[in-house]
Amino acid sequence: MDDETPGLTRLRPALPSPLRPARDERFERHGVTLLLKRDDLIHPDLPGNKWRKLAPNLRDAAGRTVLTFGGAYSNHLRATAAAGRLLGFPTVGVVRGDELAGRPLNPSLARCAADGMRLHFVDRATYRAKASPGVLKGLLSLFGDCVVIPEGGSNALAAQGCTELGRELLGVSATVAVACGTGGTLAGLAAGLGDGQRALGVPVLRGGFLGDAVRGLQREAFGGPTGRWSLDERFHFGGYARTFPELHAFADDFEDRHGLPVERLYVAKLLYGLTVLAGEGAFPRGSAVTAVITGRPSTAGDGGQSPSDSR
């Protein structure tokens, strides 16, 4: 990202992120080349789509307090808190679950607090209504003038920021695949790719809502649909933050094969899905598919496995 904000430039993001081949017979036997777009190496505190989605929002915030939302193990909250510490702006995290307010902070929330984030716990009904004018008005009355970033960081600015990911991959492969939570990365990725390329989203939540979310984000960010994209909703393993022994075994094996630490809630589901699709003949012989590695296993003590985690 060509970033003119002095503070963001000072963070020295590693852009463009590395693109590396992964020799894997599960793809090669079908004549397919697997490439790994290592967005997890962009920045140690704001890796992957966290950087791409937060950077334009932080530029827009211009040092004002940032208020955002997440679950008790939210990667997005941790990245926002880290950005606040590194760049010197205040942060507020609205956390799902008022029952957590009287308990010791888990390692993820403790890290947010150590980075200076003010944590505000709300009940689950209030959290579900977090985008409503009434709830937002109440939050702003508590915390004053804030720039509000939605859960997972997905808004029009985030989608615009993620177009650079697509531009970095122009002409690299016919298919570029990414795991999806709230849809912002996919919306921007598709917009940045060129003719003859498509973005494939692998949702990690069930419910079939993500298509509408991506279309809505593209309307807000670009004025309407742009780029080619599709979703394959078969690989959520039961829903958000749900995993099975089969997925962990696959991730362990992938780590052994390629020396890549595999984050379980997003990246493992993406790589598993691509392996299945290759076996089904979904990618033409002689083609390449790029997997975007959007994050790495958590070091906040939750192992990246918490059912409350949110991107």
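**The sheet and a helix pair**

Author: Four strands make up an open sheet with parallel pairing, in the order 5-4-3-6. Strands are DSSP runs of E with at least two residues, helices are runs of H or I with at least four, and both are numbered from the N terminus. Two strands pair if DSSP finds at least two bridges between them. This is a predicted model, in which local features need pLDDT of at least 70 and side-chain atom pairs count only at pLDDT 80 or more, while totals for chains, interfaces and linings use all residues. Residues are numbered from 1 along each chain as its sequence is written, and side-chain values use heavy atoms, leaving out hydrogens and water.

Reader: Which strands stand at the edges?
Author: Strand 5 (118–122) and strand 6 (146–148) do; each has a single partner strand, so one side of each lacks a neighbour in the sheet.

Reader: How many bridges join strand 4 to strand 5?
Author: Five bridges join strand 4 (residues 91–96) to strand 5, and the two run parallel. V92 stands opposite R118 in strand 5.

Reader: And the helices: at what angle do the axes of helix 4 and helix 5 cross?
Author: The axes of helix 4 (residues 75–87) and helix 5 (residues 107–114) cross at roughly 20° and come within 8 Å. Axes are lines fitted to C-alpha atoms, for helices over the stretch in contact, with angles from 0 to 180 degrees between N-to-C directions.

Reader: Which residues meet there?
Author: L77, R78 and A81 in helix 4 meet S108, L109, R111 and C112 in helix 5, where contact means heavy atoms within 4.5 Å.
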